[in-house]
Amino acid sequence: MKRYMIGILIAVAALIAVLPRQVSAAQSAGDPKTVYGSSRAGSDVRTPKTPAISKLTNTTTGINVRWGKASYASGYHIYRKVPGARWNMIATVRGAGKVSYTDKSVRVKSGVRYAYMVRAYNSGRMSAAGKSVWIVRMTAPTLRRPMAKGSGRVLVKWKQDKKASGYQIQYSTSSKFRGSWTKEWIRSGRTTAASLTGLRRDRTYYVRIRSYKDAGYDRHYSAWGSAQRVNVR
């Protein structure tokens, strides 16, 4: 009888010694039920890698967000905030290979500063939060039709953007602005007209404009506005 009881005690002691190791191993592997979403027991679901935003760009329709493809991801959540506010999830992009999203809800919000952040997800887990990136939303100025003033000079006028630090004018003989083109800097947001000089006479030029905003050490550009054509005399 004593030998039987001793055998039982030894078996119980061995079970108690092994159990903490099993629990510890499960915690280090990550229990899918305690992370984002859920997965079937025994399934091999890996945590997606954290995506990094590669570029924020002002477009005519909003702010375009691009990021790098994340391993083990089946899609991405896009977050946005303004200074001093909390993050809001504004969109879900489904598909591991889809790495771009345009936030059209900010299309007319010129001069507002936004931060964006992307997180990857799959059926059972979500990645850590990626690094946030800031941009100032700038809209393209409205360009009025350029006027030829003779002797290779053209007068350009546009509607003021009160949030702009300045403007950049681009002109070329190519409607696609290929090959040779020239940029003219306007370093005041209050300026609404400029003269382009030294243009070749009896040629057709195409003119377009964009605004920019200086914020600290960064300069944020709007998209280029629609080009206007002018015949130089």
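Alanine 194 is buried, its relative accessible area being 11% (buried means under 20% relative accessible area, computed with a 1.4 Å probe and protein chains only). This is a predicted model, in which local features need pLDDT of at least 70 and side-chain atom pairs count only at pLDDT 80 or more, whereas totals for chains, interfaces and linings use all residues. Residues are numbered from 1 along each chain as its sequence is written, and side-chain values use heavy atoms, with hydrogens and water left out.

Apart from neighbours within four places in sequence, alanine 194 is in contact with Val154, Leu155, Val156, Trp158, Ile169 and Ile186, where contact means heavy atoms within 4.5 Å. Alanine 194 belongs to strand β12 (strands are DSSP runs of E with at least two residues, numbered from the N terminus), and its bridge partner is valine 156. The C-alpha atoms of alanine 194 and lysine 157 are separated by 6.6 Å, although these residues lie 37 residues apart along the chain.

Strands β9 and β12 run antiparallel and are joined by four bridges; two strands pair if DSSP finds at least two bridges between them. On β9 (residues 153–157), β8 also pairs in the antiparallel sense, over three bridges, with methionine 147 opposite leucine 155. A hairpin is formed by β8 and β9 with two residues between them, and serine 151 in the turn has a positive phi of about 55°.

Together, the three strands form an open antiparallel sheet in the order β8-β9-β12. Because β8 (147–150) and β12 (193–196) each have a single partner strand, one side of each is left without a neighbour in the sheet.

Conventions:
Buried means under 20% relative accessible area, exposed over 50%, partly exposed in between (1.4 Å probe, protein chains only).
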